[in-house]
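With the structure open in your viewer, please follow this tour from one selection to the next. Each stop names what to select and then says what is there.

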Amino acid sequence: MTDGAAPPGSPTPERARDPLLLLAMVLVIATAGLVYELAIAAVASYLLGDSVRQFSLIIGVYLSAMGLGAYLSRFVTEHVAWVFVDVELGAALIGGFSAPALFLAFSYTDAFTLLLYSIVVVVGALVGLELPLLIRVLERHVSFKDLIAKALTFDYAGALIGSLGFSLLLVPFVGLLRSTLLCGVINAAIALLSTWVLPRLVDSPSRDFFAARLRAGVVLLVLLVALPFADRALEYSERSLYPGRITHREQSSYQRIVLTQGARGFELYLNGNLQFASRDEAIYHEALVHPGFFAAPQARRVLIGGGGDGLAAREVLKWPNLESLVLVDLDPAVTRLGREHPALRELNQNSLHDPRVTIINQDAMVYVARGGAEAPGFDLVLLDFPDPSNYAVGKLYSDRFYRSVARRLNPGGAVVVQASSPLLARKTFWCTVTTLEAAGFTTQPYHAFVPSFGEWGFVLATLGPNALDRTQAAGLALASGVVAPTLTPASLEEMFEFPRDTRRVEVPSNRLDTQQLVRFYLEEWSRVN
């Protein structure tokens with residue numbers, strides 16, 4: 001018999017509650033569906049970069065696939081309730097394993113993009129099928145006006161719960177991979193529960209749903225067994241992505257943190273991008289910090305943006321005039337690692353435990369912008385942010401941010417910005433220089449060769465004329481007792497000279513509303529990688 005053919009039986013208390021129970025299931029189904037969507041987009045963003053592009057493309061394709069699923073529901077003419085159960089199980093299985101499968105595919109196959117959008121389309125179509133099928137089951141028991149209103153209300157409420165739960169609970173406390181598997185478990189449990197509720201609504205004997213009940217039980221069992229082993233997929237994936245032995249891995253609220261140990265030291269990665277290698281980090285951090293002090297030798301109050309590993313702070317603390325250092329890093333997991341991990345503490349010389357250091361876990365743009373006239377200024381600002389690979393970081397290289405920094409700078413103060421590679425990312429580097437100048441700074445670009453990164457660029461900026469006298473800088477360091485082995489009179493002279501293939505190119509400044517810098521960065525580094 002078809003699900004919709006038989007007339008409804010006599011009302012019973014259980015039967016009266018069944019439509020409401022199924023509508024409540026819509027809430028749970030919508031929550032799980034949105035989590036799948038967000039998790040897939042987050043995985044793509046983590047692995048491919050450019051979060052705005054990944055989220056916009058995946059959400060667009062996912063919503064279109066939901067529309068496709070809704071359209072396909074019109075071709076389901078018989079056994080609607082059975083099909084609904086199987087659609088739920090399909091969404092549970094494919095959506096549940098989506099994040100683990102994508103991580104493994106990125107490491108072990110060249111077909112990652114094909115698999116990514118195939119999963120998006122299939123999961124989106126299955127989620128799009130769910131609500132129309134359920135409405136057809138319920139239409140004989142609830143007036144059409146009330147049914148549509150209630151179904152959409154529960155559906156949209158589930159989307160809200162999914163979006164809040166994903167960012168506030170699932171990713172921080174469950175993890176990205178377990179989040180999709182957990183939602184798969186919930187989807188499968190809903191499918192299993194519906195095999196007892198649906199028979200009463202379609203006037204079908206419960207035994208007719210035995211096969212569907214068995215399938216739901218098997219899918220639920222598979223997902224439950226896989227749930228505790230979710231991190232294994234990430235471990236297998238990361239083994240192929242990172243050189244050396246992984247000694248620490250952590251998913252914070254903001255990023256994936258991985259520490260590896262090799263024969264020549266250890267390395268820190270954030271979202272798969274190398275932040276430093278212990279074997280040569282001193283070259284980078286000495287180049288970042290000390291030229292700023294050469295330009296502002298009496299600096300007493302210093303601000304570091306980023307630098308949660310404590311390595312830039314180590315160099316700042318070498319200067320005898322220092323009174324206070326404020327380190328603003330968004331991620332408390334990174335600063336906690338810098339304070340507590342034995343290898344990092346040894347490398348940063350316990351800099352984050354120094355009483356002169358204040359750690360603030362906040363968005364640097366918010367921290368700098370909120371400093372009004374009453375806020376204390378800084379004599380030296382060191383901006384050690386990650387490369388501008390996405391718009392969340394790109395804003396920290398914008399003209400608006402640099403103007404906020406200028407307002408917090410004391411007279412005679414200086415700013416130093418790490419600015420990517422002038423050789424491999426030439427437009428990116430000179431766009432940073434142009435943006436600082438658009439914000440009112442006078443710039444002195446320079447570079448240093450860091451073996452782990454290649455030729456790397458920095459920009460020294462002041463609000464007055466050029467403040468660094470290169471002939472006196474090295475002598476100043478020696479006179480102050482600061483140990484900076486990589487900075488000699490000869491190396492300082494070379495740092496401010498640019499060979500032909502790294503010289504300035506004309507590029508626009510990085511405005512907050514356009515973020516041209518991010519596009520330059522992704523375009524240039526995609527050719528390298």
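Begin by selecting Leu303, Ile304, Gly305, Val328, Ala364, Tyr367, Val368, Leu383, Phe385 and Phe401, which together line the largest cavity of this predicted model. The space inside the largest cavity comes to about 30 Å³, and the count of cavities of 30 Å³ or more is 1. If you then colour the selection by element, strand E5 (301-306) and helix H14 (364-369) will each be seen to give at least two residues to the lining. Colouring the lining of the largest cavity by residue class instead divides it into 9 nonpolar residues and 1 polar residue, with no charged residue.

Next, move to the second largest pocket, whose volume is about 380 Å³. To centre the view, select Ala30, Met66, Val127, Leu131 and Asp155, which are the closest to the centre of the pocket among the 21 residues that line it. By class, the lining of the second largest pocket holds 15 nonpolar, 3 polar and 3 charged residues.

The remaining stops are pairs of helices.

The crossing in which H3 passes H8 is left-handed. To see the contact itself, select Val85, Asp86, Leu89, Ala92, Leu93 and Gly96 on the H3 side, and Ala212, Arg215, Ala216, Val219 and Leu223 on the H8 side. Sorted by class, this contact of H3 with H8 comprises 8 nonpolar residues, 1 polar residue and 2 charged residues.

Turn now to helix H4 (residues 98-108) and helix H9 (residues 230-241), which pack with their axes 9 Å apart at an angle of about 20°. With that angle, H4 is also to be described as roughly parallel to H9, and the crossing of H4 and H9 is left-handed. Select Pro100, Phe103, Leu104, Phe106, Ser107 and Tyr108 in H4, and you will find them meeting Ala233, Leu234, Tyr236, Ser237, Ser240 and Leu241 in H9. The class count for the contact of H4 with H9 is 9 nonpolar and 3 polar residues, with no charged residues.

Finish with helix H16 (residues 399-407) and helix H17 (residues 426-438), whose axes come within 8 Å and cross at roughly 50°. H16 and H17 are therefore oblique to each other, and H16 passes H17 in a right-handed crossing. On H16, select Asp399, Tyr402 and Arg403, and on H17 select Thr432, Thr435, Leu436 and Ala438, because these are the residues that make the contact. The contact of H16 with H17 has, by class, 3 nonpolar, 2 polar and 2 charged residues.

Key: Residues are numbered from 1 along each chain as its sequence is written. This is a predicted model: local features need pLDDT of at least 70, side-chain atom pairs count only at pLDDT 80 or more; totals for chains, interfaces and linings use all residues. Side-chain values use heavy atoms; hydrogens and water are left out. A crossing is left-handed if the near helix is turned anticlockwise from the far one by less than a right angle, and right-handed if clockwise. Helices (H or I, at least four residues) and strands (E, at least two) are DSSP runs, numbered from the N terminus. Contact means heavy atoms within 4.5 Å. Ala, Val, Leu, Ile, Met, Phe, Trp, Tyr, Cys and Pro count as nonpolar, Asp, Glu, Lys and Arg as charged, and the others, Gly among them, as polar. On a 1 Å grid over the protein atoms alone, a cavity is a set of points where a 1.4 Å probe fits but cannot get out, and a pocket is an open set with protein on both sides within 12 Å along at least five of seven lines; lining residues have an atom within 4 Å of a point. Grid points are joined across faces, edges and corners, and a volume is the space filled by probe spheres set on the points. Axes are lines fitted to C-alpha atoms, for helices over the stretch in contact, and angles run from 0 to 180 degrees between N-to-C directions. Angles under 35 degrees count as roughly parallel, over 145 as roughly antiparallel, 65 to 115 as roughly perpendicular and the rest as oblique.
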